[in-house]
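Me: I want to learn how to read a model like this one. Could we take it feature by feature?

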Amino acid sequence: MIQRPKGTLDVYGTDGTIYNYIYNSAQEIMSGYNFEFIKIPTFEETSLFYRGVGEGTDIVNKETYDFVDKGERKMTLRPEFTAGVIRSYIENKMYADNSVKKLWYFGSAFRYERPQSGRYREFTQFGVEVLGVRNAFMDAEVISLAYRFLSGLGITNMKVKLNTLGDKESRQNYRDVLYDYLKKDYDSLCDTCKDRLERNPLRILDCKYDNERDYIKNAPKTLDYLNDESKKYFDEVKEALECLDIPYIVDSSLVRGLDYYSDTVFEIICDYEELGKANTICAGGRYDGLVELLDGPKTPGIGFAMGLERIIIMLKEMEAFVPSERLHSFVMNLDGSSLAYQIVDDLRSSGFSCEIDYTGKTMKGLWKLVDKYNPTYVIIIGEDEVKGDYVTVKDNDTKEEVKVKISELLDYFNMNL
Ligand code: ATP
Ligand code: MG
């Protein structure tokens, strides 16, 4: 028997309901914040990710799904969305009218990882990118959007971690100090971090093995190497968050080890046992150098990405999700007449959810289906009803029955909304 590829998921049943619920909630909040939806290709030229995600990163070093297509082009399944969204922003000249672009996306991302709870090879990301504005209140809007979205889903136990990398000058400054510090203890670093030291020492602070050690915990902090301009911007972001009532903690070890990241970085962590170490739900930051790096005009940007599957794990655990709406009615076709199908069609066309059996179930079997679907109404259509041009409507909660003329059925339900 063929099985699904390792690290992939079949999302169905309750998970499928929660998945749709999250997607619908995302659509709703995005329109409230006036974001535009963008859909980008699932695969791009490999070189985009080398430049846009960065060569020194785990993602590009070992996690991408690469292939050569039949035209000998090197392609990669998107491991994240930011690079593709920025590519599209530049290619479609979305900067042309000098406006602020607020974009949101939703879809699969692919990474060759060691699968475990909350970590898959195909997973769903939902996120935003805001281009063309550098303003502390915009940073706060992006962070608060993520926070309000998650709390709107009923998630508690959230921690918003905040840090700043400062501008280019501050980062260079910090990088040199950090390099000298880490170099002294080179031998005790894990193999990956040894490799990171020359290319990207900031990544070492983010290492899943080394970051538990005191030596790394006591490493120099970005906050001590900020120039005045960067310090001021960080203070403004913190004030803006306070103004919007978003609780946060400053975590000076939070980094994004890529050159084009600047100033604000943040993560939302949720402490739920089921997530284990995969407890980062959302990660984001300001990337004022990225558009330029991908050959576009100098444009500030900020965004975040969050992982849907991790949210599903939490919502399921909390049993807090709102499942799909109750089925409005179930039609019992006892006479086998085509009238029943017409009524189902009319109800659905008028916006009432409705179900009917097509498998020839007996009376007992039909009532079992009623138990399963738990509709608000059961509409009974038997011989008497067909002859008399009416249906019997049973309220499935009170068990009361009324006879309603077929021509008046829609009015009846509209009046009983
Ligand atoms: P981690 O440290 O957990 O590996 P990351 O830094 O690689 O995360 P990002 O690239 O910032 O993650 O991606 C943003 C979000 O996407 C993460 O916070 C997480 O919720 C989700 N995510 C990332 N990788 C996976 C994966 N393999 N499976 C499921 N969700 C993922
Ligand atoms: Mg990762």
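**Reading the model**

Me: What is the relative accessibility of Tyr95, and how does Tyr95 count?

Reply: The classes are buried (under 20% relative accessible area), exposed (over 50%) and partly exposed in between, with a 1.4 Å probe and protein chains only. Tyr95 has 24% relative accessibility, so this residue counts as partly exposed. Note that the model is predicted: local features need pLDDT of at least 70, side-chain atom pairs count only at pLDDT 80 or more, and totals for chains, interfaces and linings use all residues. Residues are numbered from 1 along each chain as its sequence is written, chains are lettered from A and ligands numbered from 1 in the order in which they are written, and side-chain values use heavy atoms, with hydrogens and water left out.

Me: Where is Tyr95 found?

Reply: Helices (H or I, at least four residues) and strands (E, at least two) are DSSP runs, numbered from the N terminus. Tyr95 sits in the loop that joins α4 (82-91) to β5 (101-110).

Me: Which residues is Tyr95 in contact with, leaving aside neighbours within four places in sequence?

Reply: Contact means heavy atoms within 4.5 Å. With neighbours within four places set aside, Tyr95 touches Tyr89, Ile90 and Pro297.

Me: Take Ser88 next. Where is its place, and is Ser88 buried or exposed?

Reply: Ser88 belongs to helix α4. Its relative accessibility is 6%, so Ser88 counts as buried. Beyond four places in sequence, Ser88 has contacts with Ile38, Ile40 and Met94.

Me: What about Thr46: in which helix is Thr46 found?

Reply: Thr46 is part of helix α2, residues 46-52. Thr46 is buried too, at 11% relative accessible area.

Me: Now a whole helix. How many residues of α11 are buried?

Reply: Count the buried residues along the helix. For α11 (residues 308-318), eight of the 11 are buried, so the helix is largely enclosed by the rest of the structure. The buried ones are Leu308, Glu309, Arg310, Ile311, Ile312, Ile313, Met314 and Leu315. Just past the end of α11, Glu319 has a positive phi of about 50°.

Me: Which phi values do Glu72 and Asn157 take?

Reply: Glu72 is not a glycine, yet its phi is positive, about 65°. This residue lies between β3 (66-68) and β4 (74-77), in the loop. With 66% relative accessible area, Glu72 is exposed. Asn157, also a residue other than glycine, has a positive phi near 55°. The loop between α5 (136-152) and β7 (158-164) holds Asn157. At 46% relative accessibility, Asn157 is partly exposed.

Me: On to the ligand. Which residues come nearest to ligand 1?

Reply: A residue is near a molecule if one of its heavy atoms lies within 4 Å of it. Ligand 1 has 16 residues around it, and Arg111, Glu113, Arg119, Tyr120 and Thr280 come nearest.

Me: How far are side-chain N or O atoms of Arg111, Arg119 and Gln125 from ligand 1 oxygen atoms?

Reply: A polar contact with the ligand is a pair of N or O atoms within 3.5 Å. The side chain of Arg111 brings an N or O atom to 2.8 Å from an oxygen of ligand 1. For Arg119 the distance is 2.8 Å. For Gln125 it is 3.1 Å. On its own, ligand 1 has 590 Å² of accessible area, and the protein covers 87% of it.

Me: Which elements build the shell around ligand 1?

Reply: Two or more residues each come from β6 (122-131), β10 (280-286) and β11 (301-307). The largest share is from β10, with four residues. By class, the shell has six nonpolar, four polar and six charged residues. Here Ala, Val, Leu, Ile, Met, Phe, Trp, Tyr, Cys and Pro are nonpolar, Asp, Glu, Lys and Arg charged, and the others, Gly among them, polar.

Me: Last, the cysteines. How many disulfides does a search of the whole structure find?

Reply: A disulfide is a covalent bond between the sulfur atoms of two cysteines. The test is a pair of cysteine sulfur atoms within 2.5 Å. Here the search of the whole structure finds zero. Cys190 is in none, and its nearest cysteine sulfur, that of Cys193, lies 3.6 Å away. Cys207 is in none either, with the sulfur of Cys193 nearest at 3.6 Å. Cys190 is buried, at 17% relative accessibility. Cys207 is buried as well, at 2%.

Terms used: A polar contact is a pair of N or O atoms within 3.5 Å; within protein, one must be able to donate a hydrogen and the other to accept it, and residues adjacent in sequence count only if both atoms are side-chain atoms. Accessible areas come from the Shrake-Rupley method with a 1.4 Å probe; for residues, only the protein chains shown count as cover.
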